[in-house]
Amino acid sequence: MASQTSLDAILSLSKRKGFVYQSSEIYGGLNGCWDFGPLGVELLRNIKDAWWKAMTYRTDIVGIDSSILMHPRVWEASGHLQQFSDPMIDNKTSKARHRADNLIEEYAARLRTKGKTDQANIVETALQAATSNEDLHAIIVTHAIPDPVSGTTDWTEVRNFNLMFKTYVGPVEDVSNTVYLRPETAQGIFVNFKNVMDSSRMKPPFGIAQIGKSFRNEINTKNFLFRTREFEQMEMQFFVKPGTEGEWFEYWRQARWDWYVNELGIHPTHMHRKPHEKLAHYAAAAEDIEYLFPFGWGEVEGIHSRTDFDLGKHQEFSGKKLEYVDTVSKDRYTPFVIETAIGATRTFLAVLCDAYAEEEVPTADGGVETRAVMRLKPSLAPVTAAVLPLVNKDGMPEAAESIMRNLQRSFRVEYDTSGAIGRRYRRQDEVGTPFCVTVDGQTTSDSTVTLRERDSMQQIRIHTDALTEEIRRRLDV
Ligand code: ATP
């Protein structure tokens, strides 16, 4: 299970098997950026497809794909220009830069591991009560929190650091041409609210879903895909009549929880809900879904009841009405919003951690061996089936190739002829392939093959004509 697995094991498997590589690795890598390899891109795509299906295969939600660069006024209206910042502190000796709140959290965690529980509690209570950069600075100074790099307490003041990446449109690098890489996909939805409502004849309650890249110039990236500077989000804004937001919030917090369990196959005991203690001034309710990563609990999704704050701000800044008008009752209102905001790449990490296991299994000669197995939900697996001719002669490769081509009409299939069959099974287990189809001497005479299932390792004999249907049936479970 995940939390018994170290993040290093996941990282090394990711690289070895082609799930994830460091960005620009041959140049020494670029911090906070990762590339998805041949298997990773399939798993990520399957997670995104599962979300897209859950969101848009219904009549009250439609999708969009808005541009990453947007009018700079969008970020003024949303508050990102003024407030989307983290508190940053520099150590004067090492020049290391830290997020001040993380520095304090990590210090408290170190105290706790050393058994200094009382002191850890005092630090954490002070952090919870902190409301300003000055408060954070005072905690760091009072507790003489050392820089993890230099060990000194030679700190600067705490300052705000805006997390948006800035660039310029056109050839002139001028303030008037400044644009930002979006730090979230949600604003693309808000500014298209009226377009979608008018062109798709939607009326509240209805939602708009979007999957896309977001960028945050995080002060410290860490824990592999958990906190990166470029990542992918899947966000849905659900527009409702004011007064009904409470029931819709309840609906979405349950629906989102169920999605992880039923569609991603995440073990429910590895997740918990965390209601926000400090609500934003415009928020009516907010809750995170957290996953138990190998490094501890971490948010994968936020479900937020945001009132009419976002549409209201865009009305104010754009001067355009963003209201719903009921043509019959003439009822007119700015809808309230329930948002579900999830990181696709962070969820990818949760799925990998949850699926990875090492277990003892019996060998053919009566011994035991350890196998690494990725127990991915079959519908998410990068490769659905591997076709394996037992030996590379006696008509088996030809029969296997024909079976592979047939299966490829419906699934992603791998073909592997190298090594003993047991080793080939292990290779597929490790990357989560749910089904292995073994072609042997009998296949050429009666067109039957062995179908092996990854988790139970059980095998059945099945006619090749029935193979596609059988795999499809098992994928639907
Ligand atoms: P955090 O507190 O972890 O910084 P957040 O509360 O700022 O996250 P939101 O703005 O609500 O996050 O974004 C929604 C989701 O986007 C998060 O739950 C997470 O899954 C994902 N996400 C946010 N920042 C990052 C990042 N730097 N790297 C990877 N995923 C991220």
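Ser-305 finds its bridge partner in Ile-338 of β16, where strands are DSSP runs of E with at least two residues and helices are runs of H or I with at least four, numbered from the N terminus. The model is predicted, so to speak of local features pLDDT of at least 70 is needed, side-chain atom pairs count only at pLDDT 80 or more, and totals for chains, interfaces and linings use all residues. Residues are numbered from 1 along each chain as its sequence is written, and side-chain values use heavy atoms, with hydrogens and water left out.

Strands β13 (residues 296-305) and β16 (residues 336-343) are joined by five bridges in the antiparallel sense; pairing requires that DSSP finds at least two bridges between two strands. Both belong to an open, mixed sheet of seven strands, ordered β3-β9-β10-β16-β13-β12-β11. Because β3 (61-63) and β11 (271-275) each have a single partner strand, one side of each edge strand lacks a neighbour in the sheet. Neighbouring strands are turned by 25° against each other on average, direction ignored.

Helix α2 (residues 38-56) lies across β3, β9 (206-215), β10 (230-240) and β16, at about 160° to β9. Such angles run from 0 to 180 degrees between N-to-C directions, with axes fitted to C-alpha atoms, for helices over the stretch in contact; contact means heavy atoms within 4.5 Å. Helix α9 (residues 193-200) also packs on the sheet, touching β3, β9 and β10.

The axes of α2 and α12 (residues 344-355) come within 10 Å and cross at roughly 110°, which means that the two helices are roughly perpendicular (65 to 115 degrees; under 35 is roughly parallel, over 145 roughly antiparallel, and the rest oblique). Among the contacting residues are Leu-43 and Ile-47 of α2 and Phe-348 and Val-351 of α12.
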